[in-house]
Amino acid sequence: MGGGTGILDIFQALNAKKETSLDLLKEFVELESFSLDKQGVDKLGSHLIHVFSKYPVKAESIKEEQYGNHLRFQLGEGEKQLLLLSHLDTVYPKGTIENMPFQVEGRNVRGPGVIDIKASYVMVYHLFDLLQTTKLKDYQIVWLLTSDEEAGSPTGKHVVKREAARSEAVLVLEPATDNGALKTARKGGGRYTIEVNGISAHAGLNPQDGANAIEELAHQITDLAGFADWSKGTTINTGEIKGGNLFNVVADYACAEIDVRVEERDEALRIQKVFHQLIARNPRTRLNVTGSIYRPPLIKTNLTGRLFKMAERIGRDLGITLQEAMVGGGSDGNYAAETGTPVLDGLGGYGGGAHSSYEYLLVDSLAERTAILYGLIHELIQLDGTWR
């Protein structure tokens with residue numbers, strides 16, 4: 001690219017396209033795509049196929065029955081592959097746009113899913129434009145958008161792992177941290193449900209004949225809290241409990257939804273064993289435990305470190321000091337890393353308030369992160385595997 005001057009020129013050219021970027025972003029945000037709204041997700045996917053038809057890409061819709069269809073775009077015909085990851089779905093139910101409209105406020109732009117993850121579509125739009133004049137050699141660039149990432153990727157994870165396994169590197173376009181740091185590690189996540197069946201009885205007349213499911217659940221919850229290990233980044237959080245019906249009845253049913261986060265694979269195995277071996281304290285109650293560690297941790301490797309160092313150098317050419325971070329939330333990058341392919345996450349835009357009513361994107365981060373993404377892809381193609 002001609003060193004720092006080349007990438008700086010690209011950055012300035014991208015900055016000059018700010019109005020185009022905002023127009024595109026508005027289109028994408030206003031096409032609501034809640035994870036559980038298949039029709040909305042598929043409508044967004046069809047629109048993306050239309051928008052990207054201006055480029056020489058192959059677009060494939062990967063059909064799903066329950067969730068939206070996944071999308072796969074391919075630029076180039078080479079045997080070697082670099083994978084970009086985004087997703088189509090957001091956490092915002094249909095109709096959110098009415099109370100949370102797309103709006104530009106100075107340097108920020110707001111709207112449902114604006115940062116997580118629709119800003120990435122604008123980035124790839126400009127990226128494909130830049131790559132048309134770049135010799136891809138023996139490479140193809142694949143952009144995969146899963147439809148159910150916010151729901152834990154129950155169907156998308158299989159597509160992610162398939163594409164990651166055939167790739168030289170995976171670049172995840174999830175938002176950066178609020179201060180712009182890239183994500184070189186992520187915790188894995190688990191969800192468990194504990195149901196307790198007890199015996200109902202009158203709380204005043206014959207409580208001794210009952211077996212209180214709520215009391216049993218309370219014991220289980222407090223016992224489980226003791227298996228967290230903050231020194232290893234393992235957390236266990238009871239997020240929802242239900243049980244009983246009337247204050248004067250011994251409760252015959254209670255349940256809890258529990259979130260688990262782990263940084264290490266050994267910890268994931270330990271926690272799974274803990275939940276599988278739970279037994280009732282009160283033998284007159286019965287436990288039913290379901291769930292699993294559904295998303296493995298994304299663990300930083302030496303190759304992840306090399307990808308970050310490349311991005312860091314490109315950032316310096318732009319006058320930006322990039323940092324790296326480990327975060328508690330998961331992404332499709334976790335599944336990609338499970339294949340052994342090096343993954344660099346958090347390459348999307350940044351701002352704040354993801355998954356909240358005040359989610360916003362720093363507009364200038366679009367050009368900045370697109371330039372860094374282009375620089376990374378350009379360098380990876382030039383190095384042609386020798387960086388690994």
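How many of the five residues of strand 8 (residues 182-186) are buried? The legends below answer this and then turn to other close-up views. The structure is a predicted model, in which local features need pLDDT of at least 70 and side-chain atom pairs count only at pLDDT 80 or more, while totals for chains, interfaces and linings use all residues. Residues are numbered from 1 along each chain as its sequence is written, and side-chain values use heavy atoms, with hydrogens and water left out.

**View 1. Strand 8 and its partner, strand 15.** Five of the five residues of strand 8 are buried, so this strand is largely enclosed by the rest of the structure; buried means under 20% relative accessible area, exposed means over 50%, and partly exposed lies in between (1.4 Å probe, protein chains only). Strand 8 runs parallel to strand 15 (residues 324-327), and four bridges join the two. Within this pairing, K183 stands opposite A325 of strand 15. Helices (H or I, at least four residues) and strands (E, at least two) are DSSP runs, numbered from the N terminus, and two strands pair if DSSP finds at least two bridges between them.

View 2. Strand 3 (residues 80-87) and strand 7 (residues 169-172) run parallel and are joined by four bridges, and L83 stands opposite V170 of strand 7.

View 3. A search of the whole structure finds 12 aromatic pairs, where rings of Phe, Tyr and Trp (its six-membered ring) pair if their centres lie within 6.5 Å, and planes under 30 degrees apart count as stacked, over 60 as edge-to-face and the rest as tilted. Y55 and Y125 form an edge-to-face pair, with 5.5 Å from centre to centre and 65° between the planes. Because Y55 lies in the loop between helix 3 (38-51) and strand 1 (57-62) while Y125 lies in helix 5 (residues 114-131), the pair ties together parts that are 70 residues apart in sequence. Y55 is buried, with a relative accessible area of 4%, and Y125 is buried as well, with a relative accessible area of 12%. Ring pairs also link F28, F52, Y55, F73, Y121, Y125, F128 and W143 into a cluster.

**View 4. The crossing of helix 9 and helix 11.** The axes of helix 9 (residues 302-317) and helix 11 (residues 364-383) come within 9 Å and cross at roughly 120°; axes are lines fitted to C-alpha atoms, for helices over the stretch in contact, and angles run from 0 to 180 degrees between N-to-C directions. The two helices, helix 9 and helix 11, are therefore oblique to each other (angles under 35 degrees count as roughly parallel, over 145 as roughly antiparallel, 65 to 115 as roughly perpendicular and the rest as oblique). Among the residues that make the contact are L307 and M310 of helix 9 and A371 and G375 of helix 11, where contact means heavy atoms within 4.5 Å.

**View 5. The backbone at S153.** S153 lies in the loop between strand 6 and helix 6 (156-165). Phi of S153 is near 55°, a positive value in a residue other than glycine, and at 0% relative accessibility S153 counts as buried.
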